[in-house]
Amino acid sequence: MSLKNWDNKTWLSSKKYIHSFNRFLLKQVKLNSNSYILDVGCGRGKILGNLSTKLRLRKKPIGLDVEQHKDRDRRIVFKKKDAIRFLKKSETRFDLILIKQTIHFLKFSEIKKLLFYCKKRLNLNGKIIIFTLNTSKNEIPTFLSFEKKLQISLNRDKKIIRLISNLYPKRKLKKFTFKVKITKKKYNEMIKNRYISTLLKFSFKEILKGIHEIDNKFDRVLKFNDKLICIIIKK
């Protein structure tokens, strides 16, 4: 089962989230209308599309993803390609390579290759910026089996962060936080759609049981912080 709903009709696709995320992003890297941007695992490309409009980019940014969504943003050049193969063959240089909540899908050996080729494809003052779930004090609303699976995933994310830190000791770590307010009904719909990779292998029966737990566990409106770790690697 593929992950098609992570940024579809969730807070991740809201204008408020996208504007907040891009404000944070532009504090980490200096970009202008001449900048060239690559997004690895771009989803529908809404973040990149908004950034393109905000900066009035002369060159459309490139978005790579294994899923070809019908409603992808038309302000980007979308390529359904494997990122490592693309970067290995490409001669293009970028001012920003964004990897948002994607790197955990890769094996450790693939992460090493991806970052190696990303760094080769950076301009002189370019940056690789990686976002992954904050591995401590995560506030995502869960049910019991979801919580257990998520913790396993977060433990792996800790190892990924250590791997990147060992490979690039001069990397910088920042934190991005977005305050989420969502009805329980809408959140349960997101769970049904398996909006996060942790839910992909859950059966329909397990999902329904989890939704029942959510109904009993939380109030009608859910309020929590969506917290990400930002890893910045310079050229």
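Glu-189 and Lys-192 both sit in helix 6 (residues 184-192), three residues apart, which is about one turn of the helix. Helices here are DSSP runs of H or I with at least four residues, strands are runs of E with at least two, and both are numbered from the N terminus. Glu-189 forms a salt bridge with Lys-192, with 3.8 Å between the closest N and O atoms. By salt bridge I mean a side-chain nitrogen of Lys or Arg within 4 Å of a carboxyl oxygen of Asp or Glu. Side chains of opposite charge can pair when their charged atoms come close.

Before going further, a word on the source. This is a predicted model, where local features need pLDDT of at least 70 and side-chain atom pairs count only at pLDDT 80 or more, while totals for chains, interfaces and linings use all residues. Residues are numbered from 1 along each chain as its sequence is written, and side-chain values use heavy atoms, with hydrogens and water left out.

Back to the pair. Glu-189 counts as partly exposed because its relative accessibility is 41%, and Lys-192 is partly exposed too, with a relative accessible area of 38%. The cut-offs are these: buried is under 20% relative accessible area, exposed is over 50%, and partly exposed is in between, with a 1.4 Å probe and protein chains only.

**The other salt bridges**

How many salt bridges are there by this rule? The count comes to three. Another of them joins the side chains of Arg-75 and Asp-73, at 2.8 Å from N to O. Arg-75 is partly exposed, at 33% relative accessibility, whereas Asp-73 is buried, at 8%.

Then there is Lys-227, whose side chain meets that of Glu-139 in a salt bridge at 3.7 Å, N to O. Lys-227 is in strand 7 (residues 221-234) and Glu-139 is in the loop between strand 5 (122-133) and helix 5 (144-167), so this pair ties together parts that are 88 residues apart in sequence. Lys-227 is buried at 15% relative accessibility, and Glu-139 is partly exposed at 31%.

**The whole chain**

Now step back. The protein chain has seven helices and seven strands. Read from the N terminus, the elements run α-β-α-β-β-α-β-α-β-α-β-α-α-β. Along its principal axes, the C-alpha trace spans about 55 × 35 × 30 Å.

A compact globule of 235 residues would have a radius of gyration near 18 Å, and the protein chain has 18 Å, so the two agree. That radius is taken over C-alpha atoms, and the globule rule is 2.2 Å times the number of residues to the power 0.38. Of the 235 residues in the chain, 53% are buried.

**Some single residues**

Is Ile-129 buried or exposed? Ile-129 counts as buried, because its relative accessibility is 0%. Ile-129 lies in strand 5.

Cys-42 is in the loop between strand 1 (37-40) and helix 2 (46-55). Cys-42 is buried too, at 5% relative accessibility. From Cys-42 to Gly-63 there are 21 residues in sequence and 5.3 Å in space, C-alpha to C-alpha.

Next, backbone angles. Most residues other than glycine have a negative phi. Arg-56 has a positive phi, near 55 degrees, and so does Arg-194, also near 55 degrees. Arg-56 is in the loop between helix 2 and strand 2 (62-64), and Arg-194 is in the loop between helix 6 and helix 7 (204-217). Arg-56 is exposed, at 71% relative accessibility, but Arg-194 is buried, at 11%.

**A charged patch**

Last, the surface. Which residues gather in a patch of positive charge? They are Lys-16, Lys-179, Lys-181, Arg-220 and Lys-223. A patch is made of residues with over 30% relative accessible area and no salt bridge, where like charges are joined within 9 Å and nonpolar side chains (Val, Leu, Ile, Met, Phe, Trp, Tyr) within 5 Å. Lys and Arg count as positive, Asp and Glu as negative, and His and the chain ends are not counted. Lys-16 counts as exposed because its relative accessibility is 61%.

That is the end of the tour.

Terms used
Accessible areas come from the Shrake-Rupley method with a 1.4 Å probe; for residues, only the protein chains shown count as cover. The place of a charge is taken as NZ of Lys, CZ of Arg, CG of Asp or CD of Glu.
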